[in-house]
Amino acid sequence: MAEGIVLRGKAHVFADDVNTDYIISGKYKFKTLDMGELACHCMEDIDPEFVSKVQAGDFIVAGGNFGCGSSREQAPLVIKHAGVSAVLARSFARIFFRNAINKGLPAVECDTSGIRAGDELEVNLGAGKVTNLTRGTEVKIAPLPAVMMDILAEGGLTDYLKRHGGFKL
Amino acid sequence: MGKTIAERIFSQHCGREVKAGDLVVADVDFMMGQDGTSPLAIEAFRELGGEKVYDPSRVALVIDHSAPSPLEGVSNLHAMMRSFAAEQGVGIYDIGCGICHCLLPEQGHVAPGDIVVGADSHTTTYGAINAFSTGVGSTDLAAAMLTGKLWFKAPHTLRLELRGELAVGVYSKDVALFLAGELTADGATYLAVEYGGEVIGSLSVEARFTISNMAVEMGAKAGLMEADARTLEWVSGRVSRPFMPAAPDADAAYDEVREFDLGGLTPQVAEPHRVDKVRPVEELEGTPIQEAVIGTCTNGRLEDLEVAARILAGRRVSPEVRLIVAPASRQVFMDGMEKGIVQRLIEAGAVFVTPGCGPCVGTHNGVPSDGERVISTANRNFKGRMGNANAFIYLASPATVAASAVAGKITDPRRML
C-alpha cells in the first residue's frame with residue numbers, strides 16, 4: 001500500500017468499545033485458519049447484517065477503543081476479508097491497532113463523530129485526511145509512529161521484515 | 001528525573017537512557033503463543049522465510065484454550081503446533097499442563113525485570129512479578145521468534161496507590177474489578193499501570209497475578225508491580241538465571257498518580273456485557289444463576305480453589321447450578337488433591353475439567369444455554385464470550401462465585417465465611 005493511494009467507500013458505523021470477540025467470536029476462530037470462512041461471521045453478535053451489507057472498499061467507522069479485548073489477529077484479518085479497506089475510529093485499543101498495521105489494514109485515528117452510516121468517504125493516508133463527500137466535511141488523521149508508517153507502506157510486517165531484515169527505527 | 005518501572009526495564013535492555021515515548025528495539029527475554037494464536041504465528045514465521053527460531057529456549061507454546069481438543073479442525077491446529085515445536089526445539093506445554101499465564105511464571109520462564117511478549121492479551125499477568133510483559137498479535141510473535149527482538153514504544157505510566165487494608169471476604173479480584181469500573185475500558189490505553197501501596201504489599205504473589213492480569217481490561221500495555229521480598233521468595237527456586245528487578249525512582253515522572261482507599265471495599269461484580277460495568281455485590285444479590293465457573297488465568301490458582309473449598313465445606317452446590325472448576329495448571333490440580341481441596345469441591349457437587357482456559361473463551365467445557373446466567377472468575381463477560389450470545393456473564397471473585405453456586409443466586413460471600 002503506497003502512500004499515494006486514496007481509498008473511497010461507504011461508512012458502516014459502530015459505537016465505542018467494539019471488542020475483538022464481537023469482531024470474530026471465539027466459538028468460530030479457534031477451529032480454522034480459513035479467514036474467508038471466518039469473515040462470514042464478522043461482527044455477527046452486534047450487527048448480523050454487516051457481512052451482507054458491506055461492499056468491497058467500504059469502511060468501518062467507530063467510536064473509541066475499537067478492537068479492545070483479546071489479541072486475536074483474526075480480528076483485522078476477517079475485517080479485511082469481509083472487504084473493508086480501512087477502519088476509522090476516534091481511538092484504537094493498542095493490540096488491535098498494532099495487528100491491523102501488521103496485516104496491512106489501515107487503522108485511521110480521527111474524529112469520527114460527524115460520520116453517519118452510508119456516508120461516502122475518501123481516506124487519503126498520504127495527505128493525512130478523511131473527506132466526508134456526503135457532508136462536505138474533512139478531518140485530520142492522527143499520524144502513525146514512523147516505524148508503523150513504514151510497515152503499512154510495505155503492506156504489512158511480513159513484507160517489511162523480508163525487505164529490511166529487522167526493525168529499522 | 002527518575003525512572004518509572006517501565007523506563008527502567010527498557011533502559012536496562014537497551015543499554016541507554018530510555019524515556020516514555022521513545023521508540024526502541026529491544027531483546028525479548030521470553031515469548032509465548034497459545035493454541036488460538038500460535039497457528040497464525042507459525043504461518044507468519046514460514047511466510048517470513050523463517051528457518052530457525054532465533055533462540056528456542058526463550059519460546060513456549062501452550063495448548064490451553066481448547067484442551068483437549070473438541071473438534072477435528074482444532075486437533076489439526078494443535079498438531080501443527082506440536083510439529084513446529086519438535087522441528088524447532090521449542091518447548092510445548094500440551095493438554096493438561098495448564099493455562100499459559102499460570103505456567104510461565106510457575107515454571108520459572110519469567111523473571112523480575114524481564115521483557116516478555118505473549119500472543120495473548122492477558123500476558124500483562126507477569127507484571128505482578130515485576131516483568132514488563134505485554135500482549136501482541138501472531139505476526140509480532142513470529143517476528144520475535146525469528147529475530148529475538150521486537151519494536152516497542154516505551155509507555156507513559158499511570159501509578160495507582162492502593163491504600164488501607166482489605167476487609168475479610170474481599171480479595172484481589174474485587175480490587176481488580178473495582179479498578180476496572182473506576183478507570184473504565186480505555187482508562188489506561190497505551191499506558192503502563194504501576195500498582196503500589198500497602199494493599200499490594202499485603203497480597204500474596206498469587207493474588208497479585210489477578211490484578212496485573214486485568215490491567216488489559218483497562219486498555220493498559222502493562223500492569224507492573226515492584227519486586228518485594230515476597231516476589232523474590234516466590235521466584236527463587238523457580239527462576240534459575242540471573243535477573244535484575246526494576247524499581248521505580250522516588251522522583252519518577254508519572255502521567256498521573258491516583259490514590260484509592262480500599263478499606264471499605266466490598267465484594268464486586270461486573271455485570272453483562274462489560275468488564276467495567278462493576279457494582280458492589282450487595283446491589284446484585286438475589287440474581288438467579290445457572291452456571292458457575294472457578295478457574296481461568298485470572299483466578300484458577302491454588303488459593304482460589306482453597307477459598308472456594310472453604311465456602312463449600314459442609315455445603316452443596318445448588319441443584320439449579322452447574323459449578324465447573326478448571327485448575328489453572330497440573331501443579332495446582334495436584335496440590336489441590338494433596339490438600340483435600342479437590343475432594344471437598346467434588347463432594348460439594350463441583351465438576352472438574354482439564355487444567356486450561358475451560359469455558360472462558362467459548363470453545364468448550366461449559367457453554368451456557370440460551371438465557372442462562374453464569375457467574376465466573378474469568379476476566380471478560382462480553383456478549384457471546386462463553387460461546388452463546390444469548391447468555392449473560394457476571395464476573396466475580398472465587399469466594400463470590402462459590403457462595404453464589406451454593407445459593408443458586410448471586411450471593412455476598414461474607415455470609416458464608
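Because the model is predicted, local features need pLDDT of at least 70 and side-chain atom pairs count only at pLDDT 80 or more, while totals for chains, interfaces and linings use all residues. Residues are numbered from 1 along each chain as its sequence is written, and chains are lettered from A in the order in which they are written.

**Domains.** Chain B is divided into domain 1 (5-260) and domain 2 (270-415), with bounds that come from an automatic or database domain assignment. The centres of the two domains of chain B, taken over C-alpha atoms, are separated by 24 Å. Helix 4 (100-106), helix 6 and helix 8 of chain B each supply at least two residues of the side of domain 1 that touches domain 2, and the largest share of that side, six residues, comes from helix 6 of chain B. Helices (H or I, at least four residues) and strands (E, at least two) are DSSP runs, numbered from the N terminus.

**Contacts.** Two residues are in contact if their C-beta atoms, placed from the backbone, lie within 7 Å. The table gives the residues taken from each partner.

| Contact | Residues from each partner |
|---|---|
| Domain 1 and domain 2 of chain B | 35 residues from domain 1, 32 residues from domain 2 |
| Chain B and chain A | 46 residues from chain B, 38 residues from chain A |

On the side of chain B that touches chain A, strand 1 (23-27), helix 2 (38-47), helix 3 (72-88), helix 5 (138-147) and strand 7 (149-153) each supply at least two residues.

**Helix pair.** The axes of helix 6 (residues 172-183) and helix 8 (residues 205-213) of chain B come within 8 Å and cross at roughly 20°, which makes helix 6 of chain B roughly parallel to helix 8 of chain B, a description used for angles under 35 degrees. These axes are lines fitted to C-alpha atoms over the stretch in contact, and angles run from 0 to 180 degrees between N-to-C directions. Among the residues making this contact are B:Val175 and B:Ala176 of helix 6 and B:Ala207 and B:Ile211 of helix 8.

**Sheet.** Chain B also holds an open sheet of five strands in the order 4-3-2-5-6, with parallel pairing, where two strands pair if DSSP finds at least two bridges between them. Strand 4 (91-93) and strand 6 (132-135) of chain B stand at the edges with a single partner strand each, so one side of each is left without a neighbour in the sheet. Strand 2 (residues 30-34) and strand 3 (residues 59-62) of chain B run parallel and are joined by four bridges, and B:Met32 has B:Ala60 as its bridge partner in strand 3.

Technical notes. Parallel < 35°, antiparallel > 145°, perpendicular 65-115°, else oblique.
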